[in-house]
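Hello,

Please find the structure below. My notes on it follow.

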Amino acid sequence: MNPDLIEQLQLGANGLPYQVPIHPNLVHLTLGLFIVGIAFDIVGALFPLEKPVFKLLAIPATRSNFFDVGWYNMMAAAIITFFTVAAGFYEIMLAQPSAEMQSVWGLKAMETMLWHGVGGVVLLLLIVAMTIWRGFQRFVWNRDRARQVQWLYLLAGLGIFALMFVHGTLGAQLAAEFGVHISADRLLEMGQDPNLLLK
Amino acid sequence: MFEYLPPLNDHNLPYPDTMHPIVVHFVIAMVLFAVLCDVIGYFTQNERLYEVSCWNLWFSTVSLFIAVIFGQFDAGLSDPYTAAESTLNLHTLIGWSLSGILAAITAWRYVIRSRDPKTLPAPFLGVGVLLVGLVFFQVYLGDLLVWVYGLHTVPVVEATREGVFQ
């Protein structure tokens, strides 16, 4: 974004109109819900193997409950991720990282931001598609089967974990290397001492 | 002591990125979703959501112990400047306390579920709401450490090594 346009807003040292960015906090919810949703579907799918373990530990467990967790967590991930992506785009538009720096992956700030932005939209689409797929398995195709989820669905989930890892690392680099929206890093760039100003 | 560690990178870490902020996904998301499921389940009489809540709560408890361990690694290597110290201390104190509090709440839930999985006593719901408040505060403190004080970010680590902070 053009720096003159950003200057039209009243922003703090971190380049935002509030103290800490919103997007990284919503990311906890997107990732936690999606990953745990798939994990519990895997637990449900492999239930016959685990049965003796639950019995040994005296934990009452019903197979269909694991699929409930898989379904509700996935649906919650799909809903919250719209907000995660929206907050991400708002904050990426206000980002003003250094133009010279390069990340450990050899990408400059603009490339990192573009890939992280495109990746965010792709992941949102994938999460929504997975939720719809999961809904069909739950309510139409596998309603009366002991194993509610297809192996292919679980495999797709694991593939999305890998994509999330790459995507999340790009986001982490924007923060921890480029210092986007981090008060102390912006102050250091302006030649100020955060130790005196952030007391 | 530091000579026993592998060489530290420009985040002052012996591994590529901070681990604690990744592990806490599974504490924050699972606690908040467990309490949300309890609240919705309570008011809509949907006992299926109680099970969803139970398993999420259990997952968050296990994750919290792992989060504290990685938190100690990251914090021990963060070399905080004076302004960041008190926030890091409070975040550490609440983090350890939360692992006890959350384990106790999960144990209570196990007893409730063993007796009758289809009903949830209202006091448990109240404790859940208090727990969410504490988790929010703890997340806010963690946010300050990363997004205000920039611990483990390249510019802050560089400034610390060059002795910029007064």
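**What was found**

Chain B has 6 helices and 0 strands; helices (H or I, at least four residues) and strands (E, at least two) are DSSP runs, numbered from the N terminus. Read from the N terminus, its elements go α-α-α-α-α-α.

Before the rest, some notes on conventions. Residues are numbered from 1 along each chain as its sequence is written, while chains are lettered from A and ligands numbered from 1 in the order in which they are written. The model is predicted, with local features needing pLDDT of at least 70 and side-chain atom pairs counting only at pLDDT 80 or more, whereas totals for chains, interfaces and linings use all residues.

The C-alpha trace of chain B spans about 60 × 30 × 20 Å along its principal axes. Of the 166 residues in chain B, 42% are buried. A residue is buried if 20 or more other C-beta atoms lie within 10 Å of its own, exposed if 12 or fewer, and partly exposed in between, with C-beta atoms placed from the backbone.

The largest nonpolar core holds 53 residues, and A:Leu33, B:Met30 and B:Val31 touch the most other members. Such a core is a set of buried Ala, Val, Leu, Ile, Met, Phe, Trp, Tyr and Cys residues joined through C-beta atoms within 7 Å. Helix 2 of chain B gives the most to this core, 12 residues. Leaving out residues up to four places away in sequence, B:Val31 touches B:Ser60, B:Leu131, B:Val132 and B:Val135; two residues are in contact if their C-beta atoms, placed from the backbone, lie within 7 Å. Another core, of 27 residues, lies apart from the largest one and includes A:Leu188, B:Ala84, B:Leu144 and B:Val154.

How many residues of chain B are in contact with chain A? There are 37, and they meet 36 residues of chain A. Helix 2 of chain B gives the most to the side of chain B that touches chain A, with 8 residues. That side divides into 25 nonpolar, 8 polar and 4 charged residues. Here Ala, Val, Leu, Ile, Met, Phe, Trp, Tyr, Cys and Pro count as nonpolar, Asp, Glu, Lys and Arg as charged, and the others, Gly among them, as polar.

Finally, a residue of chain A. A:Asp4 is in helix 1 (residues 3–6) of chain A. A:Asp4 counts as exposed because it has 7 C-beta neighbours inside 10 Å. The C-alpha atoms of A:Asp4 and A:Met190 are separated by 17 Å, and the two residues are 186 residues apart along the chain.

Regards
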